[in-house]
Amino acid sequence: MRLTHWSDYSLRVLMYCAACAQRAKPATISEIAEAHGISRSHLTKIVMTLSSMGLLETTRGRGGGLRLLRPAQAIVLGDVIRQTETDFTLVECFDNEHNTCRLDGYCRLKGALQQAMDSYLAVLDGVTLADLIAPMPAVGGAKSAARILLVPGLPAFGN
């Protein structure tokens, strides 16, 4: 399965806002668009959707921006993906209305793919937004962890 750009960008917006949660100044659409090289107008639509889903609070005007409505540890990836993805029909036989497969009922592929999809979502159900922004374990010991201050696509520490 491949996530749509919509889901990918939705996760990036949420991760960026989670990384900015302790900042006095909220994240902005322009800031996120620049950090990820994504169209500002496209992100605006995504932010509106995330806001309507109850995940983001948006404030207009000077000093405005985006903040998470819930703590990052309360936002489960499986829930976000289920709400942002539009099609979980991996193969034709998943769609009873349009299925013309002649093997339907005789083939075990549908069951295997359904089990794989269920496992995929179960893994995402065990991951929170907070898990995604937690510091990565140091590869070369504590010294290398202290040197990593900039993660591409996320705000620098202290900003």
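Which residues is Leu154 in contact with, leaving aside its neighbours within four places in sequence? They are Met15, Tyr16 and Ala19, where contact means heavy atoms within 4.5 Å. Let us keep that residue in mind and walk through the rest of the fold.

This is a predicted model, in which local features need pLDDT of at least 70 and side-chain atom pairs count only at pLDDT 80 or more, while totals for chains, interfaces and linings use all residues. Residues are numbered from 1 along each chain as its sequence is written, and side-chain values use heavy atoms, with hydrogens and water left out.

## Overall layout

The protein contains seven helices and two strands, and its elements run α-α-α-β-β-α-α-α-α from the N terminus on. Helices (H or I, at least four residues) and strands (E, at least two) are DSSP runs, numbered from the N terminus. Of the 159 residues, 30% count as buried; buried means under 20% relative accessible area, exposed over 50%, and partly exposed in between, with a 1.4 Å probe and protein chains only. Among contacts with a separation of 6 or more, 62% are between residues 24 or more positions apart.

## The nonpolar core

A nonpolar core is a set of buried Ala, Val, Leu, Ile, Met, Phe, Trp, Tyr and Cys residues joined through side-chain atoms within 4.5 Å. The largest one here has 31 residues, and those with the most contacts inside it are Val13, Leu14, Cys17, Ile32, Leu43, Leu56 and Leu68. At least two residues of this core come from each of α1, α2, α3, β2, α4 and α5 (109-125). Helix α1 gives the most, with seven residues.

Val13 touches Ile32, Leu43, Ile46, Val47, Leu50 and Leu56, not counting residues up to four places away in sequence. Leu68 lies in strand β2, and with residues up to four places away in sequence again not counted, Leu68 touches Leu14, Cys17, Ala18, Leu55, Leu56, Ile75 and Leu129.

Helix α2 (residues 29-36) has Ile29, Ile32 and Ala33 buried. Seen down the axis of α2, its buried residues fall within an arc of 100 degrees, so they line one face of the helix; the arc is that of the directions from the helix axis to the C-beta atoms. These buried residues pack against α1 (5-19), α3 (40-52) and β2 (65-68). After α2 comes Gly37, whose phi is positive, near 65 degrees.

## Buried residues and their partners

| Residue | Relative accessible area |
|---|---|
| Ser10 | 1% |
| Cys20 | 2% |
| Thr84 | 5% |
| Leu68 | 18% |
| Leu154 | 18% |

Ser10 lies in helix α1, and Thr84 is found in helix α4 (residues 77-84). Not counting residues up to four places away in sequence, Ser10 touches Ile46, Leu50 and Thr84. On the same terms, Thr84 touches Thr4, Trp6, Ser7, Ser10 and Met53. The side chains of Thr84 and Ser7 are also joined by a polar contact of 2.7 Å. Such a contact is a pair of N or O atoms within 3.5 Å; within protein, one must be able to donate a hydrogen and the other to accept it, and residues adjacent in sequence count only if both atoms are side-chain atoms.

Cys20 lies in the loop between α1 and α2. Leaving aside its neighbours within four places in sequence, Cys20 is in contact with Ala27, Glu31, Arg67 and Pro155. Cys20 and Pro155 are 135 residues apart along the chain, yet their C-alpha atoms are separated by 7.0 Å.

Back, then, to the residue of the opening question. Leu154 has its place in the segment after α7 (142-147). The C-alpha atoms of Leu154 and Ile32, 122 residues apart along the chain, are separated by 8.3 Å.

## A pocket to look at

The second largest pocket has a volume of about 360 Å³. On a 1 Å grid over the protein atoms alone, a pocket is an open set of points where a 1.4 Å probe fits, with protein on both sides within 12 Å along at least five of seven lines, and lining residues have an atom within 4 Å of a point. Grid points are joined across faces, edges and corners, and a volume is the space filled by probe spheres set on the points. Of the 14 residues that line this pocket, Ile29, Thr58, Thr59, Arg60 and Leu66 are the closest to its centre. Helix α3 gives the most to the lining, with four residues.
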